[in-house]
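Me: I am new to this structure and would like to learn how to read it step by step. Could we look at it together, beginning with the ligand?

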Amino acid sequence: MTWHILGAGSLGSLWACRLAQAGAPVRLILRDAARLAAYRQAGGLALQQDGHWQRLAIAAELPGAEAPITRLLVACKAYDAEAAVASVARRLVAGCELLLLQNGLGSQQAIAARWPQARCLFVSSTEGAYRHADFQVVFAGRGQNWLGDPQDPTPPAWLATLEQAGIPLQWTPAILARLWRKLALNCAINPLTVLHDCRNGGLLARRDEVLALCDELARLLQAVGQAQAADDLADEVLRVIEATAANLSSMQQDVAAGRRTEIAYLLGHACRTAADHALALPRLQALDERLRQCLAARGLPTD
Ligand code: NAP
C-alpha cells in the first residue's frame, strides 16, 4: 500500500526517505505546481544522516492527482494541516488512515471531526530534523515516535513496516496523555524563553514563574481528564530546563528566524481549553496575551 506524504518539509522528508530506503512505495504530495517543479529541478529529496548525504528520487505529485489515498502521513505544521488535508479530501477512500505528525493539540481533533470516514492516528515525535535547504533535510536528533488512536486501542497491522524502515515507534492507547504532557512542557518553557529572550537555562533564574505556570498547567491537565499527564510535571520541567540549558527553544528559534509559530496549538490551545472548562488560569492567560503582543510587535502571526 502506497504511503502518501503530504508536505515535504523536515519530518515529512525524514519519514519519506526512510520508507523509500526500505523499499516501501512512497509518493510525496507538494502544495502546487511551482513546488513540484522546484522538487523535480532538485532531483529528489536529500537526507543527511550520520554525516552522509543521500539523494532519493521519490515520486511526487500534486494534491489534484487522481490516485486514491489509503494511507496519508500529514507532515505539515499544525496551522496548515487541515487545509492541506482538504486539498486531497476527494481522494481519501473510506476507511483510509491519516497519520497526524503535528505538535500540540487542536489540529488533530479538527481533522478527525471533519473527516470521520478516516482513521486518525495521532503521532508524538521526539525525533529532530531541519531543512538545510529546500528538499534537503538533516536528521539532527534521534528520538521516539509514539502513535495512537484516541478512538480505538487496536494497533494497525503495518507497524512492523515502519520499524523495518528504521523509524522508531511505540504504539500507545494513551496518546492524548502523551500529547498533553508535551504540550504542558512546551507551555511552561517555550513562551518564557521568547518573552525573556533567553536560552532554556535562563529560566533557572525564574524558577518561581516557571513553577507557578506548572501549577496551573497541572490543574488544566486534571480538568481535562489527563491526571496522569500532570504527575511530577514541575519536576520534569525543571529537569528539561537543566538538561537543555544551552539550547534555544524551538519557539524562540522560530521567532528569531521570523517564522510563524504554532502558538495556537500550544499555549493557545491550553487557554481555550481552560475557558471551555470554566477554569480560571490567570498566569497562563497573561502569558498567552504577552506572547501574542510580543509576536505582533515582531510582525508575526498571533494565531
Ligand atoms: P516544516 O519543515 O515547515 O514542513 C512542513 C511542510 O508542509 C513544508 O514542506 C510545507 O511546504 C508543507 N505544506 C504546508 N502546507 C501544505 C499543503 N497545503 N500541501 C502540501 N504541503 C504543504 O515542518 P516540520 O518541522 O516538518 O514540522 C511538521 C510538524 O511536526 C510540526 O507540527 C512540528 O511541530 C512537528 N515536529 C517537528 C519536529 C522537527 O524536528 N522538525 C519534531 C517534532 C515535531 P513548503 O515547503 O511548500 O512550505
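Me: How many residues surround the ligand, and which are the closest?
Reply: A residue is near a molecule if one of its heavy atoms lies within 4 Å of it. Here 24 residues surround the ligand, and the closest are Ser10, Leu11, Arg35, Arg131 and Glu262. Please keep in mind that this is a predicted model, in which local features need pLDDT of at least 70 and side-chain atom pairs count only at pLDDT 80 or more, while totals for chains, interfaces and linings use all residues. Residues are numbered from 1 along each chain as its sequence is written, and side-chain values use heavy atoms, with hydrogens and water left out.

Me: Which classes of residue does the shell around the ligand have?
Reply: Ala, Val, Leu, Ile, Met, Phe, Trp, Tyr, Cys and Pro count as nonpolar, Asp, Glu, Lys and Arg as charged, and the others, Gly among them, as polar. By this scheme the shell has 10 nonpolar, seven polar and seven charged residues.

Me: How far from an oxygen atom of the ligand is the polar side-chain atom of Ser10?
Reply: A polar contact is a pair of N or O atoms within 3.5 Å. For Ser10, the distance from a polar side-chain atom to a ligand oxygen is 2.9 Å, and an N or O atom in the side chain of Arg31 also lies 2.9 Å from an oxygen atom of the ligand. With Asn103 it is a polar backbone atom that lies 3.0 Å from a ligand oxygen.

Me: At what angle do helix H11 and helix H12 pack?
Reply: Two packed helices are described by the angle between their axes and the distance between the axes. Helix H11 (residues 267–276) and helix H12 (residues 282–297) pack at about 140°, with their axes 10 Å apart. Angles under 35 degrees count as roughly parallel, over 145 as roughly antiparallel, 65 to 115 as roughly perpendicular and the rest as oblique, and H11 and H12 are therefore oblique to each other.

Methods
A polar contact is a pair of N or O atoms within 3.5 Å; within protein, one must be able to donate a hydrogen and the other to accept it, and residues adjacent in sequence count only if both atoms are side-chain atoms. Axes are lines fitted to C-alpha atoms, for helices over the stretch in contact, and angles run from 0 to 180 degrees between N-to-C directions. Helices (H or I, at least four residues) and strands (E, at least two) are DSSP runs, numbered from the N terminus.
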